[in-house]
Amino acid sequence: MSTRREFLKQALTGTAALSLGGLMPGLSNKSYGSVLGANDKIRVGAIGVNSRGMALATNFAMQPGCEVVHICDVDSRALAKCADAVEKIQNNKVRRDRDLRKMLESPEMDLVLIATPDHWHSTMAMEAAKAGKHVYVEKPLSWTVPETYQVRQVVKETGIVFQLGHQGRQTDSYIRAKEIIDKGLIGKVSLIEVCTNRNDPNGAWVYPLIDGASPDTIDWKQFEGPEERIKEYTDYMTANNLQRYIGPDPRDKFSLERFFRWRCWWDYSTGLSGDLLTHEYDAINQIFGVGIPHSATSSGGVYYFKDGRTVPDVLQTTFEFPDRDMTMLYSATLASNRPRGKVIMGHDAQMELSNTITLKADPASEIYKEKMDKGIIRPNEPFYTYVPGQNSVDAITSPTELYFAQRGLLYTYVSGKRYDTTHLHIREWLECIRQNKQPSCNIDAAFQEAMTAHMGTHAYLEGRTMYWDKEKEEIVKG
């Protein structure tokens, strides 16, 4: 695996950058972010508006003081659908482009939201930052280890305000959980279990193949990326002896499955680690501030969905934090809906955490011993439950929606009022842009998330433990 120093040296000479600069000539660069006054209207550009991207674009269109002015997607039908929806909300026209270069060259934007497949996240974020635009990008931050270093460097050098799309940062139960743990109410924590359980095609990324989609409506070459960039990726995988995970050659063969179900292939995806593990990790990092783990060990495989995918549908990863005397276990299956949540195990009590909080005293607890002896608290039974907005009725329309709702990733409650967490996360970012402050999931938090996910991914792909060298900021193979 390339070291940080080796990568930065290569990046300065124009190789291993995995960026658009040089691959798409004509893009202009600026070394500063846009400065906005309190009353300035914020002009937004949206890149990648199929599904999640459309939800984000329409959310931005509803934000006070915001206007979506430019939309870009390689799928002309998704582009039209999103643009029509935004125009209906704003009651004005937006510019539409399938060409990414034209989008990023536009001077009529202050910020960019990016909701493309994973393999474009860092590349687009870097070019947007170089063009002086603030960046909101969906998780994960990066597709490969090398580009993780460079996107952090570019964001810091340009001074733009960056937010990673972990809307769980706004979840009230996570904020309350941190308060409880910081007060020592569950004692010393040594083990945390987090999970992903899904059991429907959508949850396993077997998304519908949209009727009428074809090479006429989808710019396949732009979706895949320039040949130079594909070669860089191929070289990166080959250098780490991961050739067996590279997709078919030639890559210019149009495929509806790979376009709409891109999460199933490492060629575009970061798999369970980058997609779903990151939600669980980010919640724990938000609560404990654990940073990048000391080590990661993974196992799993493609055990249920025999559909040609290369990413696993079952995964277990163990992260060790010896400086915190703590382990975090992640386990996932895309073929069972058995309900499990986050369990934070303290010496005196365990915390079951989702969009609610439940505390149960440990029979061996010292701080609750007197209350248990008096029968005030019963061991292993809830003695504290926090349910925000408990008088409300929530209608969940799909198993996948239920999965996110149970984790507080769809909505939360502030002073008893229900809010969309994505709306709050975007609003926080916009306020930080106006006030020149750092948002909750800034580039430093994003870097920690990305490296943690990459450690888990490479531990699985290479079948060995991965270690983090904190001093050198490098992933080291066991």
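I began with the terms: helices (H or I, at least four residues) and strands (E, at least two) are DSSP runs, numbered from the N terminus. Counted in this way, the protein chain has 15 helices and 18 strands.

I noted that this is a predicted model, in which local features need pLDDT of at least 70 and side-chain atom pairs count only at pLDDT 80 or more, while totals for chains, interfaces and linings use all residues. Residues are numbered from 1 along each chain as its sequence is written, and side-chain values use heavy atoms, with hydrogens and water left out.

**Whole chain**

I looked up the burial next, where buried means under 20% relative accessible area, exposed over 50%, and partly exposed in between (1.4 Å probe, protein chains only). Of the 478 residues of the protein chain, 57% are buried in this sense. For the accessible surface, which comes from the Shrake-Rupley method with a 1.4 Å probe and counts only the protein chains shown as cover for residues, I found about 20200 Å², with 49% of it belonging to carbon and sulfur atoms. Taking contact to mean heavy atoms within 4.5 Å, I read that 73% of the contacts with a separation of 6 or more join residues 24 or more positions apart.

**The sheet of six strands**

Two strands pair if DSSP finds at least two bridges between them. Strands of a sheet pair through backbone hydrogen bonds, either parallel or antiparallel. I followed an open sheet of six strands in the order β3-β2-β1-β4-β5-β6, and its pairing is parallel. At the edges stand β3 (95-97) and β6 (162-164), each with a single partner strand, so one side of each has no neighbour in the sheet. Neighbouring strands here are turned by 20° against each other on average, direction ignored; axes are lines fitted to C-alpha atoms, for helices over the stretch in contact, and angles run from 0 to 180 degrees between N-to-C directions.

I then stayed with β5, which is joined to β4 by four bridges in the parallel sense and, as residues 134-137, pairs with β6 over three bridges, also parallel. Val-137 is the bridge partner of Ile-114, and Val-137 has Leu-164 of β6 as a bridge partner too. His-134 and Tyr-136 point one way from β5, whereas Val-135 and Val-137 point the other way, and all are buried.

**Helix α5**

Which elements cover the buried residues of α5? I found that they include β1 (42-47), α4 (100-105), β4 (111-114), β5, α6 (145-158) and α9 (227-239). The helix itself, residues 121-130, has ten of its ten residues buried, among them His-121, Glu-127 and Lys-130. After α5 comes Gly-132, whose phi is positive, near 80°.

**The sheet of ten strands**

I traced another open sheet, of ten strands with mixed pairing, in the order β14-β13-β12-β11-β7-β10-β9-β8-β17-β18. Its edge strands are β14 (382-386) and β18 (474-477), each of which pairs on one side only. Within this sheet, β12 (residues 349-353) and β13 (residues 357-361) run antiparallel and are joined by five bridges, and Gln-350 has Lys-360 in β13 as its bridge partner.

I also noted two helices that lie across strands: α7 (residues 172-182) lies across β11 (342-346), β12, β13 and β14, at about 170° to β12, and α15 (residues 443-462) lies across β8 (295-301), β9 (314-321), β17 (466-469) and β18, at about 50° to β8.

**Helix α11**

Where is the kink in α11 centred? I found it at Leu-277, with a value of about 55°, the bend at a residue being the angle between axes fitted to the seven residues ending there and the seven starting there. I also saw that 18 of the 18 residues of α11 are buried, and that Gly-289, with a positive phi near 65°, follows the helix.

**Two single residues**

Is Thr-422 buried or exposed? Thr-422, in helix α14 (residues 421-435), is buried, with a relative accessible area of 6%. Leaving aside neighbours within four places in sequence, I listed its contacts as Arg-52, Leu-56, Asn-59 and Gln-167.

Val-206, in the loop between β7 (189-197) and α8 (220-224), is partly exposed, with a relative accessible area of 21%.
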